[in-house]
Amino acid sequence: MDTIASVATALGASGIAIIRISGENAKNVLNRVFVPKSGKPMKNRYLTYGNAVLNGNPLDECMAVFMPAPHTYTTEDVAEIQCHGGSVTANAVLSAVLQSGARLAEPGEFTKRAFLGGRIDLSQAESVMDLISARTQEAARSGLRQMKGFLSKRIHALQSRLLDTIAYLEAFLDYPDEDIEDLTADKARAEVLAVQSELQSALKNAKAGKMLNNGVRIVLCGSPNTGKSSLLNALLREQRAIVTDVPGTTRDVLREQLNLNGLPVQLIDTAGLRQSPDTVERIGIDLARQEVDSADVVLLVLDGTREPDTEEKSLILRENLPLVIALNKSDLKTVLHVKQLSELYPGARIVVTSAKCGNGVEELRETLYETALHGASPEDAYLTNERHIEAARNAVKSLDAALSALSTLTLDCAALDLRNAWETLGSITGENTTEDVIDRIFAKFCLGK
Ligand code: GDP
C-alpha cells in the first residue's frame with residue numbers, strides 16, 4: 001500500500017507535535033527528511049536525536065523513530081517524527097514528508113490499515129474513536145475495554161455456539177433419522193434460546209452503554225423554594241445556581257455538566273412547575289415542560305416540611321421515564337414520609353436529603369447513577385455503538401425465525417436462519433462487512449488516527 005502521513009497530535013501551540021508516516025516507503029521518506037545528529041544509521045524502535053530537513057535546509061530539531069512491520073499500529077513500516085509543537089513547525093515538517101514520497105492520510109486511515117492488516121477488528125477500530133472522544137473516565141474505560149477486544153470476545157463466543165448448533169443441525173440433515181428429529185430440534189432450541197437471551201440482556205443494557213458514552217440528561221424539577229438550586233449546588237459542590245428565599249428565582253433553564261461517578265451528566269434545572277401570572281416565569285415553565293419530556297431521568301425535589309401541593313401530586317411523566325425524588329429539608333421538622341410518597345409516586349426511588357447540611361447528597365448521587373444506567377454495571381453495557389446495537393437486534397430477529405422453524409421441525413430453514421444470525425453478529429467485528437460500510441465508519445475518524 002502507498003505511504004501515508006499526517007500530524008497525529010492536535011494542531012496548535014503545544015510542546016511537541018508528532019508526524020506519523022506509514023507504508024512500505026516509510027523508511028525512505030524518513031531518511032530524506034530526518035538527519036541524525038550522530039551521523040550514524042538509526043536503530044529500529046529507538047528514538048534518535050537529529051534535524052528535520054527539506055532539500056538540505058534544517059526545519060527543526062527533532063526526535064525520530066522507525067518501527068518495522070509487522071509489529072506496529074498499522075502492521076506496516078511506521079516512522080514518527082517528534083518536532084516542536086505549533087502548527088507552523090508541524091506543518092513545515094509534514095510538508096517536507098509529503099514532498100519526499102508520502103501522501104496526506106485520510107481521516108482514520110491509520111486505524112483502517114490496522115483493521116485491514118488484521119491487527120484489530122472493526123469493533124476495536126470503532127472503540128479507538130470512542131476512546132479519543134471520551135468525555136469522562138467511565139466512557140474512556142468502556143472504549144479501552146472494547147479496544148482490548150472485550151466486545152469481540154463476547155460476540156465470537158456467541159457465534160461459536162451458533163456455529164456448533166448449525167453443524168449439529170446440518171449433520172442431522174445429511175443423515176436424517178425421524179426417531180431423533182424431536183430430540184435434535186429440542187437440543188438446538190435450548191442452545192438458540194441461551195444465545196438469544198444473552199443478546200437480549202446485552203440489548204437491555206445497551207441504553208446504559210449509550211449513556212456511558214453520550215451522557216445522561218437529568219432534569220431537576222419541583223415547586224419553587226423546595227431547594228432545587230441548593231441541591232444542584234450540593235451535587236456540583238460549588239455555588240453556581242442562585243439561591244434565595246423568594247419563590248420563583250430560578251427563571252431560566254440552567255444547564256450544568258456533572259461527572260456522576262464517571263458518567264457524563266447534563267443536569268438541567270428548570271423553573272418551578274407553579275402556574276404563574278408572571279410572563280417571564282411562565283415562559284420558564286413551558287421550557288421546563290419540554291425539558292422534562294426529553295429527559296433520561298427526572299429528579300423531583302419535594303420540601304419535606306409540607307404536604308405536596310396539587311401540582312406536585314399531578315406530575316405526569318412519559319411512560320417508563322425513571323423518577324428519582326429528593327425528599328429535601330430533612331434537617332427541619334418534616335411532615336412528609338417515604339412510605340406515603342412511594343404510594344403517591346409508584347416506582348419512584350426516594351432519597352431523604354438536606355441540601356443545607358449535605359445529608360443524603362452522596363446517596364442521591366448513587367441513586368441517580370444507578371437509575372440512569374438502569375442498574376447495569378459498565379461491564380454489562382458492552383453494546384455502546386448504534387451499529388452494533390442494530391446488528392444485535394437483527395440477530396435476535398433471525399434467532400426468532402430459527403425458533404419458529406425449529407418448532408415446526410423445518411430444520412433446514414432453522415439452519416439457514418441461524419446462519420443469518422451468525423453472519424449478522426459477524427458484521428459487528430467486521431468479518432463480512434462491505435467496503436462502503438467500512439469507508440463510512442472510518443470517515444468519522446479524526447485526522448492522524
Ligand atoms: P428552589 O427555588 O427550589 O431552587 O430553592 P432554593 O435552593 O433557592 O432554596 C430555597 C430556600 O430553601 C433557601 O432559603 C435555601 O437556603 C433553603 N433550603 C434549601 N434546601 C434546604 C434544606 O435542605 N434545609 C433547609 N433548612 N433549608 C433549605
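The legends below describe close-up views of a predicted model.

**View 1. Strand β12 and the burial of its residues.** Strand β12 covers residues 323–328 and is mostly covered, with six of its six residues buried. Leu323, Ile325 and Leu327 point one way from the strand, while Val324, Ala326 and Asn328 point the other way, and all of these residues are buried. In a regular strand, side chains alternate between the two faces of the sheet.

**View 2. The strands that pair with β12.** Strand β11, made of residues 297–303, pairs with β12 in the parallel sense, and six bridges join the two. Strand β13, which holds residues 349–352, also runs parallel to β12, and here the number of bridges is four.

**View 3. Ser142 in helix α5.** Ser142 has its place in helix α5, which spans residues 137–147. With a relative accessibility of 4%, Ser142 counts as buried, because the cut-off for a buried residue is under 20%. When residues up to four places away in sequence are not counted, Ser142 touches Asn213 and Thr384.

View 4. A search of the whole structure for cavities of 30 Å³ or more finds one, and the volume of the largest cavity is about 30 Å³. Its lining consists of Ser142, Arg145, Gln146, Phe150, Pro378, Ala381 and Tyr382. Helix α5 provides the largest share of this lining, with three residues. Rolling a probe the size of a water molecule over the atoms shows where empty space is left.

**View 5. Helix α15 and the glycine that follows.** Helix α15 comprises 19 residues, 411–429, and at 1.5 Å a residue it should span 27 Å. Just after α15 comes Gly430, which takes a positive phi of about 90°.

Note on methods. Residues are numbered from 1 along each chain as its sequence is written. This is a predicted model: local features need pLDDT of at least 70, side-chain atom pairs count only at pLDDT 80 or more; totals for chains, interfaces and linings use all residues. Side-chain values use heavy atoms; hydrogens and water are left out. The expected span of a helix is 1.5 Å times one less than its number of residues. Buried means under 20% relative accessible area, exposed over 50%, partly exposed in between (1.4 Å probe, protein chains only). Two strands pair if DSSP finds at least two bridges between them. Contact means heavy atoms within 4.5 Å. On a 1 Å grid over the protein atoms alone, a cavity is a set of points where a 1.4 Å probe fits but cannot get out, and a pocket is an open set with protein on both sides within 12 Å along at least five of seven lines; lining residues have an atom within 4 Å of a point. Grid points are joined across faces, edges and corners, and a volume is the space filled by probe spheres set on the points.
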